[in-house]
Amino acid sequence: MNIVEIKPDIYWVGGIDWDIRNFHGYLTQRGTTYNAYLIIDKKITLVDTVKHYLFDELLSRIKEIVDPSKIDYIISNHVEMDHTGSLPKLLQICPNAKVITSTRGEKGLKRHYKKDWNFKVVQSGDTLNIGKRTLHFVHIPMVHWPDSMVTYIPSDKLLLPNDAFGQHIASSERFDDELEWGTLQEEAAKYYANIVMPYGDQVKKALAALDGLDIDMIAPSHGIIWRSYIPQILKEYQKWAAYESDDKALIVYDSMWGSTEKMAYALQDGLEESGIPVTMRNLRTNHISDIITDVLTSKMILLGSPTLNNTMLPTMGKFLTYLKGLRPKNRIGFVFGSYGWGGQAVGEIVKIVKDLSWDTPVDSVNLNYVPDEKELVDVKKTGEKLGKYLKK
Ligand code: FEO
């Protein structure tokens, strides 16, 4: 098992999950890693563990450096089981190790594993001397769970922020400059959109708490370690946390007999005529976790569904349930659809858009059965109107 010394006497000893494609509903086409870091100092310290089924991988990496029974401290920055799943087995090997965590971390670990381990609770701002190094802890609640905290090592200029700044990428490379920035940006954006987006205000607070720290390496718990693109990823996080997006439109739709689809393409035509770039996402051919990444970067979101059984299509219902949970802010919304009778889908979607407090400058369009040529011209004009509004 390869281990990587990321700083003198600090080693990456995590696990690589090459096969995972579904991370609680999020499509992880590139797999992921669970990063754990071993610090060799007077007190041997492990920061986070790995998902339970990669325990052997973690253990064999630790064994290449040190006898695992000699671990003194295990820092648990975050309770979620992708980072704590190996704690029960590991603590059988080093039963005297202290588990360092936040107050909510202790509560969460007790609820998950029903064990009264040797806990040491740390508050935000607390420090722990492990020999040559002193570890600093900063709580960053809701990035990703209420228990989340970061570990910062000033002497190594190293930040271990757990989920924050992560990306779901399985690779044998460990550092950002070993992969393309475009790939990293895409996966970091997808990760932010699907995991962190609801907590923009908390991300802002976390960024403020970390501001001013002397950092030359950010080693998250998923994906690659940042050392060359730190200004770039911080800039992206500041933008996403402020719910800023680009002047482009995203059309998310499904269709039964092609009418709503015709409307979607007429809207695209009108928007493009106004000089607005458009991304088309058919719900039948795109995964909702990929569409959410487009939502993160698009200022205008157009949602289209015909009415089926007095409501919207199930694909749109599923997407909107996911969207409501992730709560993107500061967006312009527009709703369209077609119907035979009833026609309730459009109104139901409008209600959700209003619940999200999106701007809705143009009335929705709901057409009976199949749109004719004149109606499609009008839909195109609506697209132009939306485009002009977006360019304002
Ligand atoms: Fe990677 Fe919130 O766990």
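Q: How much space lies in the largest cavity, and which residues line it?
A: Rolling a probe the size of a water molecule over the atoms shows where empty space is left. In this predicted model, the largest cavity holds about 50 Å³ of space. On a 1 Å grid over the protein atoms alone, a cavity is a set of points where a 1.4 Å probe fits but cannot get out, while a pocket is an open set with protein on both sides within 12 Å along at least five of seven lines; lining residues have an atom within 4 Å of a point. Grid points are joined across faces, edges and corners, and a volume is the space filled by probe spheres set on the points. Ile140, Val143, Ala164, Phe165, Val203, Ala206, Leu207, Leu210 and Tyr237 form the lining of the largest cavity. By this rule, one cavity of 30 Å³ or more is counted.

Q: Which helix gives the largest share of that lining, and how do the residues divide?
A: Helix H6 (residues 200-210) provides the largest share, four residues. Helices (H or I, at least four residues) and strands (E, at least two) are DSSP runs, numbered from the N terminus. The lining of the largest cavity divides into nine nonpolar, no polar and no charged residues. Here Ala, Val, Leu, Ile, Met, Phe, Trp, Tyr, Cys and Pro count as nonpolar, Asp, Glu, Lys and Arg as charged, and the others, Gly among them, as polar.

Q: What should I know about the numbering and confidence limits?
A: Residues are numbered from 1 along each chain as its sequence is written. Because the model is predicted, local features need pLDDT of at least 70 and side-chain atom pairs count only at pLDDT 80 or more, while totals for chains, interfaces and linings use all residues; side-chain values use heavy atoms, with hydrogens and water left out.

Q: What lines the largest pocket?
A: The largest pocket has about 380 Å³ of space. Its lining has 18 residues, with Glu186, Ala189, Thr293, Asp294 and Thr297 nearest the centre. Helix H5 (181-196), helix H7 (230-241), strand S17 (246-253) and H9 each give two or more residues to this lining, and H5 gives the most, with five. The lining divides into two nonpolar, five polar and eleven charged residues.

Q: And what about the second largest pocket?
A: The second largest pocket has a volume of about 330 Å³. Of its 17 lining residues, Met256, Thr307, Tyr339, Gly340 and Tyr369 lie nearest the centre. This lining divides into eight nonpolar, nine polar and no charged residues.

Q: At what angle do H5 and H7 pack?
A: Two packed helices are described by the angle between their axes and the distance between the axes. H5 and H7 pack at about 30 degrees with axes 11 Å apart; axes are lines fitted to C-alpha atoms, for helices over the stretch in contact, and angles run from 0 to 180 degrees between N-to-C directions. H5 and H7 are therefore roughly parallel (under 35 degrees; over 145 is roughly antiparallel, 65 to 115 roughly perpendicular and the rest oblique).

Q: How do H9 and H10 cross?
A: The axes of H9 (residues 288-297) and H10 (residues 314-326) come within 10 Å and cross at roughly 50 degrees, so these helices are oblique to each other. Their contact (heavy atoms within 4.5 Å) involves residues including Ile292 of H9 and Phe319 of H10.
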